[in-house]
Amino acid sequence: MSEREEDATRPIGPSRPLPPPPEPPGRSRRHFPAALGLTVLGALVPGTAFLAAGRRRLGAVTLLGFLLLVAGVVWLAGPGRRTAARIAVDSTSLTWVLAGVVVVALLWTVVVVAGYRVLVPPRTSRGQHLVGAVVVLALLAGLAVPAATVVGAALAQRGLLAALFGDHESATVVDRPDPFGDKARVNVLLLGGDGGEGREGVRTDTVIVASIDTDTGDTTLFSLPRNLEDLPFPPGSPLAEVYPDGFDAGSESESLLNAVYRNGPGMYPDILGPTDDPGADFLKLGVGEALGLTIDYYVLVNLDGFARLVDALGGITVNVNYYVPVNGDPGTGELPDDYIAPGPHQHLDGYLALQFARGRYGLTDYDRMARQRCTIAAIIDAADPVTLLRKYQQLAATTQDIVRTDVPRSALDDFVDLGFLVKDAEVRSVVFDTSVIDPAYPDYAEMRAIVSEAIAPAADGAATTPAADHAAATTPAADHAAATTPAAAPAVPSGQTPAPATTTPIADVGDACAYDPALAQAALAAGEPPNKAG
(Lines give C-alpha, C1' and ligand atoms only; values in the text may rest on other atoms or scores of the structure.)
Protein backbone atom coordinates (compact mmCIF):
# COMPACT_ATOMS: atom_id res chain seq x y z
CA MET A 1 0.00 0.00 0.00
CA SER A 2 1.34 3.32 -0.95
CA GLU A 3 1.81 6.16 1.53
CA ARG A 4 -1.00 8.14 -0.10
CA GLU A 5 -3.42 5.18 0.20
CA GLU A 6 -2.39 4.69 3.81
CA ASP A 7 -3.18 8.33 4.62
CA ALA A 8 -6.58 7.95 2.93
CA THR A 9 -7.58 5.03 5.18
CA ARG A 10 -6.19 6.59 8.41
CA PRO A 11 -8.94 7.15 11.03
CA ILE A 12 -10.13 10.73 11.38
CA GLY A 13 -8.97 12.32 14.64
CA PRO A 14 -7.36 15.43 16.13
CA SER A 15 -4.84 16.91 13.78
CA ARG A 16 -1.55 18.35 14.77
CA PRO A 17 -1.73 22.15 15.47
CA LEU A 18 -0.50 24.40 12.70
CA PRO A 19 2.64 26.40 13.41
CA PRO A 20 1.98 30.04 14.45
CA PRO A 21 2.15 32.62 11.67
CA PRO A 22 5.40 34.51 11.45
CA GLU A 23 5.38 37.71 13.54
CA PRO A 24 5.95 40.98 11.79
CA PRO A 25 9.41 42.47 12.25
CA GLY A 26 9.65 44.34 15.52
CA ARG A 27 6.88 42.44 17.32
CA SER A 28 8.91 39.37 18.28
CA ARG A 29 10.00 39.15 21.88
CA ARG A 30 8.11 42.35 22.81
CA HIS A 31 5.95 42.26 25.94
CA PHE A 32 2.69 44.09 26.43
CA PRO A 33 4.05 46.70 28.91
CA ALA A 34 6.77 47.62 26.42
CA ALA A 35 4.14 48.01 23.69
CA LEU A 36 2.15 50.36 25.92
CA GLY A 37 5.24 52.43 26.68
CA LEU A 38 6.11 52.72 23.00
CA THR A 39 2.49 53.69 22.25
CA VAL A 40 2.75 56.57 24.72
CA LEU A 41 6.06 57.62 23.17
CA GLY A 42 4.47 57.41 19.73
CA ALA A 43 1.70 59.75 20.88
CA LEU A 44 4.21 62.28 22.17
CA VAL A 45 6.58 61.95 19.22
CA PRO A 46 4.57 60.66 16.24
CA GLY A 47 6.48 58.19 14.09
CA THR A 48 8.51 56.55 16.84
CA ALA A 49 5.90 53.80 17.32
CA PHE A 50 6.10 52.86 13.63
CA LEU A 51 9.91 52.85 13.75
CA ALA A 52 9.88 50.58 16.81
CA ALA A 53 7.49 48.20 15.00
CA GLY A 54 9.81 47.97 12.02
CA ARG A 55 7.71 50.18 9.73
CA ARG A 56 10.70 52.34 8.91
CA ARG A 57 9.38 54.20 5.87
CA LEU A 58 6.03 55.06 7.46
CA GLY A 59 7.75 56.00 10.71
CA ALA A 60 10.27 58.25 8.97
CA VAL A 61 7.58 60.10 7.00
CA THR A 62 5.42 60.58 10.10
CA LEU A 63 8.36 61.72 12.22
CA LEU A 64 9.47 64.17 9.53
CA GLY A 65 5.97 65.66 9.36
CA PHE A 66 5.93 66.05 13.14
CA LEU A 67 9.33 67.74 13.21
CA LEU A 68 8.25 70.16 10.47
CA LEU A 69 5.13 71.00 12.47
CA VAL A 70 7.19 71.65 15.62
CA ALA A 71 9.65 73.77 13.65
CA GLY A 72 6.78 75.83 12.24
CA VAL A 73 5.30 76.46 15.68
CA VAL A 74 8.73 77.39 17.11
CA TRP A 75 9.32 79.78 14.19
CA LEU A 76 5.92 81.46 14.69
CA ALA A 77 6.65 81.87 18.39
CA GLY A 78 10.11 83.35 17.68
CA PRO A 79 11.35 84.90 14.43
CA GLY A 80 7.93 84.60 12.80
CA ARG A 81 5.96 86.43 15.50
CA ARG A 82 5.03 89.18 13.06
CA THR A 83 3.55 86.58 10.71
CA ALA A 84 1.69 85.01 13.64
CA ALA A 85 0.29 88.41 14.60
CA ARG A 86 -0.83 89.04 11.02
CA ILE A 87 -2.59 85.66 11.02
CA ALA A 88 -4.31 86.57 14.29
CA VAL A 89 -5.86 89.72 12.79
CA ASP A 90 -7.04 88.12 9.54
CA SER A 91 -10.33 86.19 9.58
CA THR A 92 -9.49 84.18 6.46
CA SER A 93 -6.14 83.08 7.89
CA LEU A 94 -7.87 82.11 11.13
CA THR A 95 -10.26 79.92 9.15
CA TRP A 96 -7.29 78.09 7.64
CA VAL A 97 -5.82 77.74 11.12
CA LEU A 98 -9.04 76.14 12.32
CA ALA A 99 -9.05 73.71 9.39
CA GLY A 100 -5.37 72.91 9.92
CA VAL A 101 -5.84 72.18 13.64
CA VAL A 102 -8.74 69.81 12.90
CA VAL A 103 -6.74 67.96 10.21
CA VAL A 104 -3.66 67.66 12.43
CA ALA A 105 -5.77 66.41 15.34
CA LEU A 106 -7.40 63.73 13.15
CA LEU A 107 -4.06 62.60 11.70
CA TRP A 108 -2.55 62.47 15.19
CA THR A 109 -5.48 60.31 16.32
CA VAL A 110 -4.88 57.88 13.44
CA VAL A 111 -1.15 57.74 14.26
CA VAL A 112 -1.81 56.92 17.93
CA VAL A 113 -4.34 54.17 17.18
CA ALA A 114 -2.30 52.67 14.34
CA GLY A 115 0.85 52.80 16.46
CA TYR A 116 -0.80 50.78 19.20
CA ARG A 117 -2.11 48.19 16.72
CA VAL A 118 1.28 47.55 15.12
CA LEU A 119 3.03 47.37 18.50
CA VAL A 120 0.69 45.17 20.52
CA PRO A 121 1.90 41.49 20.64
CA PRO A 122 -0.27 38.85 18.88
CA ARG A 123 -0.80 36.81 22.06
CA THR A 124 -2.48 39.61 24.02
CA SER A 125 -5.30 38.73 26.36
CA ARG A 126 -8.66 40.43 26.43
CA GLY A 127 -7.80 42.08 29.73
CA GLN A 128 -4.62 43.51 28.27
CA HIS A 129 -6.52 44.77 25.24
CA LEU A 130 -8.93 46.51 27.61
CA VAL A 131 -6.04 48.18 29.40
CA GLY A 132 -4.55 49.17 26.05
CA ALA A 133 -7.86 50.70 24.94
CA VAL A 134 -8.03 52.76 28.13
CA VAL A 135 -4.47 54.04 27.59
CA VAL A 136 -5.16 54.92 23.95
CA LEU A 137 -8.37 56.75 24.86
CA ALA A 138 -6.51 58.68 27.56
CA LEU A 139 -3.86 59.68 25.02
CA LEU A 140 -6.52 60.80 22.56
CA ALA A 141 -8.22 62.85 25.27
CA GLY A 142 -4.89 64.47 26.05
CA LEU A 143 -4.53 65.41 22.38
CA ALA A 144 -8.09 66.72 22.20
CA VAL A 145 -7.67 69.24 25.04
CA PRO A 146 -4.97 71.44 23.42
CA ALA A 147 -6.64 71.11 20.02
CA ALA A 148 -9.97 72.24 21.46
CA THR A 149 -8.23 75.11 23.28
CA VAL A 150 -6.63 76.38 20.07
CA VAL A 151 -9.89 76.00 18.14
CA GLY A 152 -11.78 77.88 20.86
CA ALA A 153 -9.21 80.68 20.91
CA ALA A 154 -9.29 81.00 17.11
CA LEU A 155 -13.09 81.13 17.08
CA ALA A 156 -13.06 83.73 19.86
CA GLN A 157 -10.50 85.79 17.95
CA ARG A 158 -12.66 85.70 14.82
CA GLY A 159 -15.63 86.87 16.87
CA LEU A 160 -13.54 89.64 18.40
CA LEU A 161 -12.38 90.83 14.97
CA ALA A 162 -15.96 90.85 13.71
CA ALA A 163 -17.22 92.77 16.75
CA LEU A 164 -14.44 95.37 17.03
CA PHE A 165 -13.40 95.82 13.42
CA GLY A 166 -16.58 95.04 11.53
CA ASP A 167 -18.40 97.32 9.12
CA HIS A 168 -18.68 100.38 11.35
CA GLU A 169 -19.63 103.85 10.15
CA SER A 170 -17.42 106.78 11.11
CA ALA A 171 -17.59 110.46 10.30
CA THR A 172 -13.82 110.83 10.58
CA VAL A 173 -12.43 107.64 8.96
CA VAL A 174 -12.35 106.77 5.28
CA ASP A 175 -11.69 103.04 4.86
CA ARG A 176 -9.26 102.38 2.00
CA PRO A 177 -6.90 99.55 0.97
CA ASP A 178 -3.74 101.35 2.14
CA PRO A 179 -4.93 103.38 5.16
CA PHE A 180 -1.46 104.49 6.30
CA GLY A 181 -0.36 105.42 2.79
CA ASP A 182 2.53 107.89 2.95
CA LYS A 183 1.63 109.16 6.42
CA ALA A 184 4.70 110.23 8.41
CA ARG A 185 2.78 109.79 11.68
CA VAL A 186 -0.36 107.99 12.81
CA ASN A 187 -2.26 109.60 15.69
CA VAL A 188 -4.52 107.47 17.87
CA LEU A 189 -6.86 108.89 20.52
CA LEU A 190 -6.91 106.69 23.64
CA LEU A 191 -9.98 107.18 25.82
CA GLY A 192 -10.82 105.79 29.24
CA GLY A 193 -14.59 105.89 29.73
CA ASP A 194 -15.89 106.17 33.29
CA GLY A 195 -19.35 104.80 32.59
CA GLY A 196 -20.95 102.22 34.84
CA GLU A 197 -23.73 101.42 37.27
CA GLY A 198 -25.22 104.55 38.81
CA ARG A 199 -23.58 106.84 36.22
CA GLU A 200 -25.44 108.68 33.50
CA GLY A 201 -23.75 108.11 30.15
CA VAL A 202 -20.02 107.85 29.61
CA ARG A 203 -17.50 110.46 30.70
CA THR A 204 -14.02 110.14 29.24
CA ASP A 205 -11.85 110.89 32.26
CA THR A 206 -8.73 109.61 30.48
CA VAL A 207 -7.79 111.36 27.22
CA ILE A 208 -4.41 110.58 25.64
CA VAL A 209 -3.13 110.94 22.09
CA ALA A 210 -0.43 108.53 20.88
CA SER A 211 1.47 110.07 17.96
CA ILE A 212 3.52 107.34 16.27
CA ASP A 213 6.26 107.74 13.66
CA THR A 214 5.43 105.18 10.95
CA ASP A 215 9.07 104.74 9.93
CA THR A 216 10.74 104.31 13.31
CA GLY A 217 7.91 103.58 15.74
CA ASP A 218 9.04 106.46 18.00
CA THR A 219 5.98 107.50 19.96
CA THR A 220 4.98 110.61 21.87
CA LEU A 221 2.03 110.43 24.25
CA PHE A 222 0.05 113.59 25.02
CA SER A 223 -2.12 113.38 28.13
CA LEU A 224 -4.90 115.97 28.59
CA PRO A 225 -6.67 116.78 31.88
CA ARG A 226 -10.32 115.84 32.23
CA ASN A 227 -11.24 119.41 33.28
CA LEU A 228 -9.88 121.13 30.16
CA GLU A 229 -12.32 123.82 29.02
CA ASP A 230 -13.33 125.50 25.74
CA LEU A 231 -12.25 122.62 23.50
CA PRO A 232 -11.84 124.09 20.00
CA PHE A 233 -12.90 122.54 16.69
CA PRO A 234 -11.38 122.80 13.20
CA PRO A 235 -12.27 126.08 11.44
CA GLY A 236 -14.90 125.61 8.78
CA SER A 237 -16.23 122.38 10.33
CA PRO A 238 -19.88 122.02 11.40
CA LEU A 239 -18.74 121.86 15.03
CA ALA A 240 -16.83 125.14 14.76
CA GLU A 241 -20.02 126.79 13.50
CA VAL A 242 -22.06 125.73 16.52
CA TYR A 243 -19.18 126.13 19.00
CA PRO A 244 -17.31 129.23 17.73
CA ASP A 245 -15.73 129.88 21.14
CA GLY A 246 -15.04 126.27 22.03
CA PHE A 247 -17.24 123.53 23.46
CA ASP A 248 -20.01 124.86 25.70
CA ALA A 249 -22.87 122.77 27.08
CA GLY A 250 -24.45 125.51 29.20
CA SER A 251 -22.56 125.06 32.47
CA GLU A 252 -18.93 124.75 33.46
CA SER A 253 -19.17 121.20 34.79
CA GLU A 254 -20.96 119.99 31.66
CA SER A 255 -18.54 121.75 29.31
CA LEU A 256 -15.31 120.09 30.47
CA LEU A 257 -13.29 117.80 28.21
CA ASN A 258 -14.60 114.68 29.93
CA ALA A 259 -18.20 115.70 29.12
CA VAL A 260 -17.74 116.27 25.38
CA TYR A 261 -18.24 112.58 24.50
CA ARG A 262 -21.68 112.54 26.13
CA ASN A 263 -22.99 116.09 25.80
CA GLY A 264 -21.84 116.94 22.27
CA PRO A 265 -23.95 114.30 20.48
CA GLY A 266 -26.73 114.95 23.00
CA MET A 267 -26.99 118.53 21.77
CA TYR A 268 -26.29 117.90 18.06
CA PRO A 269 -26.83 114.18 17.36
CA ASP A 270 -26.66 114.31 13.54
CA ILE A 271 -24.33 117.22 12.95
CA LEU A 272 -21.46 115.04 11.65
CA GLY A 273 -23.59 112.73 9.51
CA PRO A 274 -23.81 108.92 9.77
CA THR A 275 -21.54 107.52 12.49
CA ASP A 276 -21.68 104.70 15.02
CA ASP A 277 -19.89 106.72 17.71
CA PRO A 278 -20.55 110.47 17.40
CA GLY A 279 -18.96 111.19 20.79
CA ALA A 280 -15.64 109.76 19.63
CA ASP A 281 -15.82 111.83 16.42
CA PHE A 282 -16.48 115.00 18.47
CA LEU A 283 -13.38 114.28 20.56
CA LYS A 284 -11.19 113.34 17.58
CA LEU A 285 -11.93 116.66 15.90
CA GLY A 286 -11.68 118.71 19.09
CA VAL A 287 -8.57 117.13 20.58
CA GLY A 288 -6.90 117.15 17.18
CA GLU A 289 -7.54 120.89 16.83
CA ALA A 290 -6.34 121.53 20.38
CA LEU A 291 -3.03 119.76 19.73
CA GLY A 292 -2.56 120.71 16.08
CA LEU A 293 -2.78 117.08 14.96
CA THR A 294 -5.05 115.06 12.69
CA ILE A 295 -6.46 112.22 14.81
CA ASP A 296 -6.71 109.12 12.64
CA TYR A 297 -8.39 106.61 14.95
CA TYR A 298 -9.66 106.20 18.50
CA VAL A 299 -9.81 103.37 21.04
CA LEU A 300 -12.23 103.64 23.97
CA VAL A 301 -11.95 101.37 27.02
CA ASN A 302 -14.79 101.54 29.52
CA LEU A 303 -13.26 101.25 32.97
CA ASP A 304 -16.43 99.64 34.28
CA GLY A 305 -15.50 96.53 32.31
CA PHE A 306 -12.11 96.34 33.99
CA ALA A 307 -13.65 94.40 36.86
CA ARG A 308 -14.66 91.52 34.60
CA LEU A 309 -11.38 91.67 32.71
CA VAL A 310 -9.34 91.51 35.93
CA ASP A 311 -11.46 88.68 37.33
CA ALA A 312 -10.95 86.74 34.09
CA LEU A 313 -7.20 87.10 34.61
CA GLY A 314 -7.44 85.91 38.21
CA GLY A 315 -6.79 89.36 39.72
CA ILE A 316 -3.87 91.79 39.57
CA THR A 317 -1.06 92.71 41.94
CA VAL A 318 -0.20 96.36 42.68
CA ASN A 319 1.77 98.42 45.18
CA VAL A 320 -0.26 100.91 47.23
CA ASN A 321 1.52 103.88 48.81
CA TYR A 322 -1.47 105.75 50.30
CA TYR A 323 -5.08 105.10 51.21
CA VAL A 324 -7.14 104.71 48.01
CA PRO A 325 -10.87 105.37 48.46
CA VAL A 326 -13.50 102.81 47.58
CA ASN A 327 -16.39 104.82 46.10
CA GLY A 328 -17.15 108.24 47.61
CA ASP A 329 -18.26 111.40 45.81
CA PRO A 330 -15.95 114.43 45.94
CA GLY A 331 -18.69 116.63 44.49
CA THR A 332 -21.24 116.00 47.22
CA GLY A 333 -18.81 115.14 50.01
CA GLU A 334 -20.24 111.62 50.36
CA LEU A 335 -17.64 109.60 52.25
CA PRO A 336 -16.06 106.45 50.76
CA ASP A 337 -17.33 103.04 51.81
CA ASP A 338 -13.82 101.89 52.66
CA TYR A 339 -10.17 102.28 51.63
CA ILE A 340 -7.49 100.14 50.06
CA ALA A 341 -4.73 100.35 52.67
CA PRO A 342 -1.08 101.03 51.81
CA GLY A 343 1.08 97.95 51.31
CA PRO A 344 3.33 96.18 48.82
CA HIS A 345 2.23 93.50 46.34
CA GLN A 346 -1.47 93.69 47.10
CA HIS A 347 -3.60 91.24 45.13
CA LEU A 348 -6.85 92.87 44.01
CA ASP A 349 -9.94 91.23 42.55
CA GLY A 350 -11.90 92.91 39.78
CA TYR A 351 -14.01 95.13 42.04
CA LEU A 352 -11.07 96.47 44.05
CA ALA A 353 -8.96 96.87 40.92
CA LEU A 354 -11.70 99.10 39.48
CA GLN A 355 -11.74 101.15 42.68
CA PHE A 356 -7.94 101.40 42.61
CA ALA A 357 -8.12 102.78 39.06
CA ARG A 358 -11.11 105.05 39.64
CA GLY A 359 -10.84 106.29 43.26
CA ARG A 360 -10.54 110.09 43.51
CA TYR A 361 -12.09 111.18 46.81
CA GLY A 362 -9.58 113.46 48.54
CA LEU A 363 -7.04 112.96 45.75
CA THR A 364 -6.23 114.64 42.45
CA ASP A 365 -6.97 113.74 38.86
CA TYR A 366 -3.24 113.25 38.34
CA ASP A 367 -3.07 110.76 41.22
CA ARG A 368 -5.80 108.78 39.52
CA MET A 369 -4.07 108.98 36.14
CA ALA A 370 -0.94 107.48 37.70
CA ARG A 371 -2.92 104.64 39.30
CA GLN A 372 -4.71 103.92 36.04
CA ARG A 373 -1.32 103.54 34.41
CA CYS A 374 -0.28 101.14 37.17
CA THR A 375 -3.51 99.20 36.65
CA ILE A 376 -2.75 98.81 32.96
CA ALA A 377 0.78 97.65 33.76
CA ALA A 378 -0.54 95.14 36.32
CA ILE A 379 -3.03 93.75 33.80
CA ILE A 380 -0.23 93.29 31.27
CA ASP A 381 1.83 91.49 33.93
CA ALA A 382 -1.10 89.21 34.76
CA ALA A 383 -1.74 88.39 31.10
CA ASP A 384 0.94 85.73 30.69
CA PRO A 385 0.71 83.52 27.56
CA VAL A 386 -0.60 80.48 29.46
CA THR A 387 -3.39 82.47 31.11
CA LEU A 388 -4.29 84.16 27.84
CA LEU A 389 -4.59 80.87 25.96
CA ARG A 390 -6.47 79.13 28.76
CA LYS A 391 -8.99 81.94 29.28
CA TYR A 392 -8.93 83.58 25.88
CA GLN A 393 -12.59 82.92 25.09
CA GLN A 394 -13.68 84.64 28.30
CA LEU A 395 -11.21 87.48 27.78
CA ALA A 396 -12.28 88.00 24.18
CA ALA A 397 -15.94 88.15 25.18
CA THR A 398 -15.09 90.67 27.91
CA THR A 399 -13.04 92.79 25.51
CA GLN A 400 -15.95 92.99 23.08
CA ASP A 401 -18.06 94.51 25.87
CA ILE A 402 -15.59 97.16 27.07
CA VAL A 403 -13.63 98.25 23.99
CA ARG A 404 -14.77 100.33 21.04
CA THR A 405 -12.72 101.61 18.11
CA ASP A 406 -13.00 102.91 14.57
CA VAL A 407 -9.82 101.20 13.35
CA PRO A 408 -10.86 99.40 10.13
CA ARG A 409 -9.83 95.84 9.33
CA SER A 410 -7.78 97.14 6.41
CA ALA A 411 -5.45 98.89 8.89
CA LEU A 412 -4.79 95.90 11.15
CA ASP A 413 -1.77 94.58 9.20
CA ASP A 414 -0.21 98.05 9.29
CA PHE A 415 -0.85 98.29 13.02
CA VAL A 416 0.81 94.89 13.53
CA ASP A 417 3.95 96.16 11.78
CA LEU A 418 3.77 99.43 13.69
CA GLY A 419 3.39 97.59 16.98
CA PHE A 420 6.65 95.70 16.42
CA LEU A 421 8.40 99.00 15.69
CA VAL A 422 6.97 100.69 18.77
CA LYS A 423 8.09 97.83 20.99
CA ASP A 424 11.75 98.60 20.35
CA ALA A 425 11.43 102.36 19.82
CA GLU A 426 11.53 105.39 22.09
CA VAL A 427 8.29 106.27 23.85
CA ARG A 428 8.00 109.79 25.30
CA SER A 429 5.17 111.45 27.18
CA VAL A 430 3.91 114.99 27.65
CA VAL A 431 1.39 115.67 30.42
CA PHE A 432 -0.58 118.91 30.14
CA ASP A 433 -0.92 119.38 33.88
CA THR A 434 -1.24 122.62 35.85
CA SER A 435 2.50 123.24 35.58
CA VAL A 436 2.12 123.47 31.78
CA ILE A 437 -1.34 124.97 31.18
CA ASP A 438 -4.30 126.37 33.09
CA PRO A 439 -7.16 123.93 32.23
CA ALA A 440 -9.75 126.67 32.90
CA TYR A 441 -8.07 129.14 30.52
CA PRO A 442 -5.98 127.01 28.18
CA ASP A 443 -3.65 128.63 25.66
CA TYR A 444 -4.21 126.30 22.73
CA ALA A 445 -1.62 128.05 20.58
CA GLU A 446 0.98 127.27 23.24
CA MET A 447 -0.22 123.67 23.46
CA ARG A 448 0.18 123.26 19.70
CA ALA A 449 3.68 124.68 19.89
CA ILE A 450 4.59 122.24 22.66
CA VAL A 451 3.20 119.34 20.62
CA SER A 452 5.12 120.39 17.52
CA GLU A 453 8.35 120.76 19.46
CA ALA A 454 7.84 117.47 21.32
CA ILE A 455 7.32 115.48 18.12
CA ALA A 456 10.37 116.87 16.31
CA PRO A 457 12.97 115.78 18.91
CA ALA A 458 11.48 112.29 18.98
CA ALA A 459 12.80 111.84 15.44
CA ASP A 460 16.31 113.29 15.78
CA GLY A 461 17.01 112.58 19.44
CA ALA A 462 17.70 116.24 20.30
CA ALA A 463 15.46 117.84 22.92
CA THR A 464 16.35 121.52 23.20
CA THR A 465 12.87 123.04 23.06
CA PRO A 466 10.58 123.98 25.94
CA ALA A 467 8.53 120.86 25.26
CA ALA A 468 11.49 118.75 26.31
CA ASP A 469 10.99 119.97 29.86
CA HIS A 470 7.63 118.21 29.88
CA ALA A 471 8.51 115.09 27.86
CA ALA A 472 9.72 112.18 29.96
CA ALA A 473 11.13 109.03 28.40
CA THR A 474 9.14 105.93 29.29
CA THR A 475 10.38 102.36 29.31
CA PRO A 476 7.41 100.05 28.49
CA ALA A 477 5.74 100.45 25.13
CA ALA A 478 2.44 99.56 26.80
CA ASP A 479 2.69 102.66 29.08
CA HIS A 480 -0.15 104.70 27.63
CA ALA A 481 -0.50 107.33 30.34
CA ALA A 482 2.39 109.32 31.78
CA ALA A 483 1.30 111.42 34.75
CA THR A 484 2.70 114.22 36.87
CA THR A 485 1.49 114.89 40.40
CA PRO A 486 0.89 118.62 40.82
CA ALA A 487 2.77 120.62 43.39
CA ALA A 488 -0.38 121.57 45.27
CA ALA A 489 -3.28 119.16 45.74
CA PRO A 490 -6.83 120.51 45.80
CA ALA A 491 -8.61 121.07 49.06
CA VAL A 492 -9.14 117.85 51.00
CA PRO A 493 -12.65 117.15 52.35
CA SER A 494 -13.07 117.75 56.07
CA GLY A 495 -11.54 115.07 58.25
CA GLN A 496 -9.68 113.26 55.47
CA THR A 497 -5.92 112.90 55.40
CA PRO A 498 -4.44 114.00 52.07
CA ALA A 499 -2.36 111.56 50.06
CA PRO A 500 1.38 112.21 49.92
CA ALA A 501 2.27 114.49 47.01
CA THR A 502 5.41 115.01 45.00
CA THR A 503 6.49 117.57 42.42
CA THR A 504 8.76 115.16 40.55
CA PRO A 505 7.51 114.15 37.09
CA ILE A 506 6.86 110.43 36.81
CA ALA A 507 9.23 109.06 34.19
CA ASP A 508 8.07 105.47 33.78
CA VAL A 509 5.70 102.86 35.07
CA GLY A 510 8.36 101.12 37.15
CA ASP A 511 9.02 104.27 39.20
CA ALA A 512 5.40 105.34 39.42
CA CYS A 513 4.14 101.95 40.55
CA ALA A 514 6.99 100.91 42.85
CA TYR A 515 6.38 100.52 46.57
CA ASP A 516 7.61 103.49 48.61
CA PRO A 517 7.99 102.35 52.24
CA ALA A 518 8.42 105.89 53.56
CA LEU A 519 5.22 107.22 51.96
CA ALA A 520 3.28 104.10 52.89
CA GLN A 521 4.44 104.21 56.53
CA ALA A 522 3.61 107.91 56.76
CA ALA A 523 0.09 107.22 55.50
CA LEU A 524 -0.35 104.33 57.93
CA ALA A 525 0.92 106.44 60.82
CA ALA A 526 -1.59 109.18 59.98
CA GLY A 527 -4.37 106.60 60.15
CA GLU A 528 -7.18 105.63 57.83
CA PRO A 529 -9.28 108.61 56.65
CA PRO A 530 -12.96 108.78 57.62
CA ASN A 531 -15.43 106.56 55.81
CA LYS A 532 -19.12 105.75 56.05
CA ALA A 533 -18.48 103.12 58.72
CA GLY A 534 -16.99 105.80 60.95
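Where is L69 found? In this predicted model, L69 sits in helix 4 (residues 56-77), and the views below start from there.

**View 1. A nonpolar surface patch that includes L69.** L69 itself is partly exposed, as its relative accessible area is 34%.

**View 2. The two sides of helix 15.** Within helix 15 (residues 392-402), L395, A396, T398 and I402 are buried. Looking down the helix axis, the buried residues of helix 15 fall within an arc of 165°, so they line one face.

**View 3. Inside the largest nonpolar core.** This core has 51 residues, and those touching the most other members are Y297, I316, V318, I340, L348, F356 and I379. Helix 11 (residues 306-313) is its biggest contributor, giving 5 residues. A second, separate core of 38 residues has V260, Y261, L291 and V430 among its members.

**View 4. F180 meets F415.** The whole structure holds 8 aromatic pairs. In one of them, the ring centres of F180 and F415 are 5.1 Å apart and the planes lie at 80°, so the pair is edge-to-face. F180 belongs to the loop between helix 7 (126-164) and strand 1 (185-193), while F415 belongs to helix 16 (residues 412-423), 235 residues apart. With 8% relative accessibility, F180 counts as buried.

**View 5. An aromatic cluster around F233 and F282.** F233 and F282 are also edge-to-face, at 6.4 Å centre to centre with 85° between the planes. Both residues are buried. Ring pairs join F233, Y243, F247, Y268 and F282 into a cluster.

Key:
Residues are numbered from 1 along each chain as its sequence is written. This is a predicted model: local features need pLDDT of at least 70, side-chain atom pairs count only at pLDDT 80 or more; totals for chains, interfaces and linings use all residues. Side-chain values use heavy atoms; hydrogens and water are left out. Patches are made of residues with over 30% relative accessible area and no salt bridge: like charges are joined within 9 Å, nonpolar side chains (Val, Leu, Ile, Met, Phe, Trp, Tyr) within 5 Å. Accessible areas come from the Shrake-Rupley method with a 1.4 Å probe; for residues, only the protein chains shown count as cover. A salt bridge is a side-chain nitrogen of Lys or Arg within 4 Å of a carboxyl oxygen of Asp or Glu. Helices (H or I, at least four residues) and strands (E, at least two) are DSSP runs, numbered from the N terminus. Buried means under 20% relative accessible area, exposed over 50%, partly exposed in between (1.4 Å probe, protein chains only). The arc is that of the directions from the helix axis to the C-beta atoms. A nonpolar core is a set of buried Ala, Val, Leu, Ile, Met, Phe, Trp, Tyr and Cys residues joined through side-chain atoms within 4.5 Å. Rings of Phe, Tyr and Trp (its six-membered ring) pair if their centres lie within 6.5 Å; planes under 30 degrees apart count as stacked, over 60 as edge-to-face and the rest as tilted.
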